[in-house]
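Dear colleague,

I am passing on the structure below, and I would be grateful if you would look it over before reading my notes. They follow directly after it, chain by chain and contact by contact.

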Amino acid sequence: MNPLASCLMVSALLFSVGLGGALTRRSSILVLVGIELMLNAANLNFIAFWRYGPHPEALTGILFVIFAIAIAAAEAAVGLALILAIYRHSKTTDVNRLDAMKG
Amino acid sequence: MVWIVRYLWLIPALPAAAAAVIAFAKQRQRRLAATLSIGLMSCSLLLALAALAHTFSQPAVEYVNFPWIQFGTEWLKLGWLLDPLTAVMLVMVTLVGLLIFIFSVGYMAHDENFTRFFCFLSLFAGAMLGVVIANNLLLLFMCWEIVGLTSYLLIGFWYQRPAAAAAAKKAFIVTRIGDLGLFLGMMWLYSLSGTLLFYDHGAGCLEHSAVAAMAAHVAAFGLTASSGIGLLIFCGAAGKSGQVPLHVWLPDAMEGPTPVSALIHAATMVAAGVFLVARVYPLMAASAGGGPSTALEVIAWVGAITALFAAFIAIAQDDIKRILAYSTVSQLGYMMLGLGVGGVAVGMFHLITHAFFKSLLFLGAGSVIHGCNGEQDIHKMGGLRKLMPITFVTYAAGMLALCGFPLFAGFWSKDEILHSAHLWSVSAAPYYMGAAGALLTAFYMTRQVCYVFFGERREAAEAVSGHAAGAHGISGDVHESPVVMAVPLIILAVFAAFLGFIGTPAWPWFQGFLEGRRAALDPGAFAGSGILPLMAVSSVIVFAGLGLGWWFYGRKPIVSAGAPDALEQLQPGIFRALAKRLYVDEFYDATVIRAAWWGSQLFDWMDRWVWNGVVQLVAWIVTGIAWMDSSLDTYVVNTGFDESCKGFVQGGRLMSRLQNGRVQSYLRVLGVALIALVLLLFWSRKG
Amino acid sequence: MTTPFVILAVVAIGGAVAAMTMRKLVHCALALAVCFVGLAGLYLDLSAQFVGLVQILVYVGAVVILIVFAILLTRNDELPAQTGRTRFAGVGVSAVVFAVLAWAVTAGGAKMGAAGTPPEAAIKDIGGALMQRFVLPLEVVGLLLTAALIGAVVIAMEEKQSTR
């Protein structure tokens, strides 16, 4: 297994863990945590491909990841703000109880 | 066309119009009803007299035909005609009718249904006059039926009395039986001759060509068509004119008010049958080889039998009107005998004279009943000669005329009949029957007069009943009738006495008039062909009858009401049988009525079980089909539909589980979709 | 598969697993931080020094803190676990995803990936690229961050109790 493949495997594993957690945990904050993990797994993928892929001098991978981090951070902020607002409204962060969109 | 012939239809139309107007009047508008009836009847009388005057100068038949109904390409025509026969009937009906109308004003004064009475009377007059002027057998039949209807209405005028209602029904049904024969004759006539018009420019069914054809045509049993039709028509005439065996309704018809009995059941309606035979006489008389036709023979025999039969029964009756009723039946028999043996003139002469003296007798009887406050049993009358003189004199005149007392009207007319019977080529038996009948006639009339007018006044032990609204108060208060009732009696008495003179052998004006020839005054005719001997024999018979009657009933005045009849004491068995009208009604009851009853039971059973069963079956089938349909609908259609709906609902429920509002399940679905898409991508690239 | 790589990978994955399975939320947040640190190390190992340091700055320094604050402000620490079916389904799906990804990686036939000379990623070059080639995304991201900032503040703001 070449270094690229091992990096990709790690990233795949991270992604799956993040997905499993997002699907399994009951607290909405932990769902967000899972999403962050998935994003990070994607970032790792990008860096790995920049490192072992063609034209690393274009710095495309790095810049992509920089932007991705920025956006992920913004999204995390907004998401957590949303969770706070929801918590204030319904006094819960349990995803099972937040089913007002049912039907 | 002379105006009187063109407007002849007014004669029946005026009284009919009076009836129509009165029908809408209120019961208390009595003066209107009476005035209208009498007024329009007088107009009809004047028109009839004008018609009679016209026929003096123009004895040939004149007629007006008009088309009525079209069926297919043929037009059914109706019409009216004027000839001497028609003219004398018109005058007789209108004159007698008018006198009786006037009489009724007094007689029915206390009846609360006065207006209805005059309505029916006028309708009757219109219909009877229609029968007289009809030129079409169908039109005659239609008016005939209306006459029957009004007879029913008038017999049952006091319909609250069960006897009256039953009598009306009986009259209608019995005459209906006769009318069936008339209708069959009509249809046969139409099928053979193609027309029902009597006179129609040579094409009418009474005109020479048609009659000759029918006389030549031989139907069953060697009977010519003309005789067959004639006999069928005679059935109708026999019903209306009370010939044996259809005479049973006439005595019962006395339940009606006396003016009705006088007008309808003495003078006019019963004469309609005789008139009908006279009208279709050319048909009746036509025979293949000269000599009397079968139809006329039968008519003569039936007439003779009726004359004798009814005279016997009249001897033993107690009700003043019933005696006169049976007398009417007997005299109608004489008229039919006259038609059969002697021809139209002979029969019609007696019809005209009979109309006058019989209606006189009935009105006189009505006067007696009115004066005795409703009593009708002769045993309970008596001594009225002094108490009701005018009635007595006029009644005596009528009675003598009826008996055939020499020189009175009935003498001449009855003698014509007996003379023709004596000369009849077929048999002399009718002559002897007629003579015996004359004897009996004198006898029973004497009996009646002795009981009613002679002897001591006998009163009923119980209170009076019958005659409507006894406004004369206390019984025993016998009084003469008022002027309005007495005057018609007097007028009719004059006719009864003197009318016969228009038909004596010395001056047979009447016969000549009817046959369309001039008759000269010829006293020498008395000497011809055995007339004088016959007249002598007839007179002897009359005197014998009167004498016998006086011997039994007049010698010793009858004192008590309960005393047995003199004749009854002599021959109780025969007398009782005669009093019971020779059990004819009982015979009919046991046979015809019984059969009808059984028939009705059968049909009732059929209706209840057979037809009803069929209907029930159909209903049951339909209900069964409906039930099947309903259960099909409930169990199959509904259930199927419900199940499919449930399936839908369940499917929906299943699908809605996807939308549970939970983010994680949505995410899960996304994950699965992602996997699927990726795999799809790879496999498509690989392939 | 050099040793530093393996260690860092284990740290990252271990931290991730811990973050996703621990009971207490705060422990999860801290485990997440560990994971991020491991990831940063991996970036450094892959010669993307700038990114690694940015990772620590942003993720460990800001995002995790943010998460901790959120956990603080919402007091639902001890939530019971999901129902068996949901857990099984979720784990199943993630396992299948991993399987697919792993198969894609191994069977993909990547023609690259040989370890070559590590590239030079000078910060000067990164800055130059940002300002020249990627200036538009830069501005947009700036805008995005502003919007996110304002949005987060607005959403999380206490609503005034309107007494009308």
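Is Pro406(B) buried, partly exposed or exposed? Pro406(B) is partly exposed, because 16 other C-beta atoms lie within 10 Å, where a residue with 20 or more such atoms within 10 Å of its own C-beta atom counts as buried, one with 12 or fewer as exposed and one in between as partly exposed, the C-beta atoms being placed from the backbone.

Before going on, please note that this is a predicted model, in which local features need pLDDT of at least 70 and side-chain atom pairs count only at pLDDT 80 or more, while totals for chains, interfaces and linings use all residues. Residues are numbered from 1 along each chain as its sequence is written, and chains are lettered from A and ligands numbered from 1 in the order in which they are written.

Pro406(B) sits in the loop between helix H18 (389-403) and helix H19 (409-422) of chain B, helices being DSSP runs of H or I with at least four residues and strands runs of E with at least two, numbered from the N terminus. Once its neighbours within four places in sequence are left aside, Pro406(B) is in contact with Phe411(B) and Ser539(B), a contact meaning that the C-beta atoms of two residues, placed from the backbone, lie within 7 Å. The C-alpha atoms of Pro406(B) and Val542(B) are separated by 8.4 Å, although the two residues are 136 residues apart along the chain.

Another loop of chain B, the one between helix H9 (225-240) and helix H10 (249-252), holds Pro245(B), and a cis peptide bond with omega of about 0° joins Val244(B) to Pro245(B).

As for the helices of chain B, the 14 residues of helix H2 (residues 10-23) should span 20 Å at 1.5 Å a residue, and the end C-alpha atoms are 19 Å apart, which agrees; the expected span is 1.5 Å times one less than the number of residues. The buried residues of H2(B), including Ile11(B), Leu14(B) and Ile22(B), pack against helix H3 (30-57), helix H4 (84-107) and helix H5 (114-133) of chain B.

H4(B) also packs with H16(B), at an angle of about 0° and with their axes 11 Å apart, where axes are lines fitted to C-alpha atoms, for helices over the stretch in contact, and angles run from 0 to 180 degrees between N-to-C directions. The two helices H4(B) and H16(B) are therefore roughly parallel to each other, the word being used for angles under 35 degrees. Among the residues that make the contact are Leu85(B), Met92(B) and Tyr107(B) of H4(B) and Val344(B), Phe356(B) and His370(B) of H16(B). By class, this contact has 13 nonpolar, 3 polar and no charged residues, with Ala, Val, Leu, Ile, Met, Phe, Trp, Tyr, Cys and Pro counted as nonpolar, Asp, Glu, Lys and Arg as charged, and the others, Gly among them, as polar.

The largest nonpolar core has 213 residues, of which Met128(B), Val274(B), Val277(B) and Ala496(B) touch the most other members; such a core is a set of buried Ala, Val, Leu, Ile, Met, Phe, Trp, Tyr and Cys residues joined through C-beta atoms within 7 Å. Helix H16 (residues 344-371) of chain B gives the largest share of this core, 17 residues. Apart from it lies another core, of 80 residues, among them Leu8(A), Leu37(A), Ile62(A) and Val97(C).

Chain A has 3 helices and 0 strands, and 59% of its 103 residues are buried, whereas chain C has 6 helices and 0 strands, with 29% of its 164 residues counted as buried. The contact between these two chains takes 65 residues from chain A and 69 residues from chain C. On the side of chain A that touches chain C, H3(A) gives the most, with 20 residues, and the classes on that side come to 46 nonpolar, 13 polar and 6 charged residues.

Finally, two residues other than glycine have a positive phi near 60°: Lys91(A), in the segment after H3 of chain A, and Ser47(C), in the loop between helix H2 (25-45) and helix H3 (49-73) of chain C.

With best wishes

Technical notes
Angles under 35 degrees count as roughly parallel, over 145 as roughly antiparallel, 65 to 115 as roughly perpendicular and the rest as oblique.
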